[in-house]
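This report looks at how two parts of one chain meet. Please keep the sequence and the model at hand while reading.

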Amino acid sequence: MTVRSIVLGCGSYLPEPAVSNAELATRVDTSDKWIVERTGIKNRHIAPDGVTTSDLALEAARRALASAGLTAADLDLVIVATTTPDETFPSTATRVQARLGMTRGAAFDVQAVCSGFVYGLSVADAFIRTGQARTVLLIGAETMSRILDWSDRTTCVLFGDGAGAMVLGTGEGAGTSDDRGILNTKIFSDGRLHDLLYTDGGVSSTRGAGHLRMQGREVFKHAVTNISAAMEASMAEAGISVADVAWFVPHQANQRILDGTAKKLGIARERVVSTIAEHGNTSAASVPLAFDTAVKDGRIQRGDLLLLEAMGGGFTWGAALLRY
Ligand code: UT7
C-alpha cells in the first residue's frame with residue numbers, strides 16, 4: 001500500500017476590477033497590440049486598496065472547502081504560497097487559519113515566487129505521505145499589483161492579483177502511475193540567477209518591500225528549458241509519456257512560453273490549460289487558478305492525469321504529476 005495525496009476539492013477567487021490592456025495604455029506607454037502579441041494577456045485583475053492577499057486566499061479557501069464537502073475543522077495544515085504577504089509576520093497562512101475559524105493544526109507560508117504552488121504541493125505531499133497531516137489546505141495567493149513599479153512598462157503590464165486553493169487528503173494506492181493522487185513532485189532552484197528576477201528591496205535590506213525587477217528576455221530563455229526539464233523528470237520517474245497526460249496545467253507567465261514548451265515536448269496545444277489572457281501572471285496563484293478554471297468548465301475530469309509546472313524568481317522551478 002502506498003499513501004497518496006489526493007485532491008478532494010479546489011476553488012479560486014479573482015478580485016474586481018478586471019483591468020484591460022487598453023486601460024493600462026492610458027497609464028503607461030504601451031498598447032493592447034504589443035501586450036497581446038508578446039504575452040497573450042488581455043486582462044488582469046487588480047485588488048482594490050484595502051483588499052489583501054489573505055482576503056483573496058480566504059475566499060479561494062472557502063470555495064475549495066465547499067467543493068471538498070469539508071469544513072476548517074477537518075484540516076490539519078494550511079499552507080499559503082505567496083510572495084506578497086499581508087504583513088512581514090505572522091504568515092498569511094495563520095491569518096487564513098484564524099479567519100476560517102480553525103483552532104488546531106498548523107499554518108505556514110511557502111516562498112518560491114511563481115513556483116510557490118508547485119513547491120507547496122511538494123511540501124503538502126511530504127506531510128501527507130509521512131503521516132504528519134491527513135488533510136491539507138494549500139493556497140496560492142498574490143497581490144502582485146502591490147510590488148509592481150507602475151512606471152515600468154516592461155513589467156507592470158504582465159502581472160495580476162488572485163488566489164487558487166486545493167484541499168488535499170490522504171488516500172491509498174498500489175504505488176503505480178494508475179494511482180489516484182500526486183504521483184510525484186520535482187522542485188529545483190538556482191540562486192545564481194537572482195539578478196534576472198527579484199525585488200529591489202526587502203525587510204532586511206531596505207526596510208521595505210521593493211519593486212519587481214525583471215530582465216524579461218533572459219528569463220524567457222531559461223523558462224522553456226527549465227520547465228521542460230522539470231516536466232520530463234516528473235514523467236520519467238513515473239514511467240509515463242506525454243501521450244498519457246490528459247491536461248498540462250502550467251504557470252501562466254507568457255502564452256509564448258506555453259507554446260514553446262508544448263512544441264519542445266510534443267504536447268498538443270489544446271491539451272494545455274491557458275488562462276493567461278484573462279488572469280495575466282498571478283505568480284503563485286496561477287497554477288491553482290488554471291486548475292480550478294479547467295475543473296469548473298468540465299475540461300479536467302476525475303481520473304485524468306495532469307502535469308503541473310511553474311518557474312519563477314530565484315530561479316525556482318518544478319513540476320507535479322497527479323491523477324485527479
Ligand atoms: O513568472 C515568472 C517568470 N516570468 C517570465 O517567464 C517572463 C518571461 N519573459 C517574457 O515573458 C518576455 O520576455 C516579456 C513579455 C517580458 C517581454 O517580451 P519580449 O518579446 O522578450 O520583449 P523585449 O523585452 O525584448 O522588448 C522588446 C521591445 C523593447 O523595445 P526595443 O528595445 O526593441 O525598442 C521594449 O522596450 O518591446 C518594448 N516593450 C514594450 N513596448 C510596449 C517592453 N515592454 C513594452 C510594453 N509595451 N509594455
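Buried area is the accessible area (1.4 Å probe) that two parts lose on being put together, summed over both.

## Basis of the description

The model is a predicted one, in which local features need pLDDT of at least 70 and side-chain atom pairs count only at pLDDT 80 or more, while totals for chains, interfaces and linings use all residues. Residues are numbered from 1 along each chain as its sequence is written, and side-chain values use heavy atoms, with hydrogens and water left out.

## Domains and buried area

The domain assignment, which comes from an automatic or database source, gives domain 1 (2-173) and domain 2 (181-323). Their C-alpha centres lie 14 Å apart, and the contact (heavy atoms within 4.5 Å) takes 53 residues from domain 1 and 50 residues from domain 2.

Between them, domain 1 and domain 2 bury about 4,000 Å², with 63% of this on carbon and sulfur atoms. On the side of domain 1, the residues that lose the most area to domain 2 are Cys-114, Val-118 and Tyr-119, which together account for 16% of what that side buries.

## Salt bridges

Across the interface of domain 1 and domain 2 the rule finds 2 salt bridges, a salt bridge being a side-chain nitrogen of Lys or Arg within 4 Å of a carboxyl oxygen of Asp or Glu. Asp-152 forms a salt bridge with Arg-213, and the closest N and O atoms of this pair are 3.9 Å apart.
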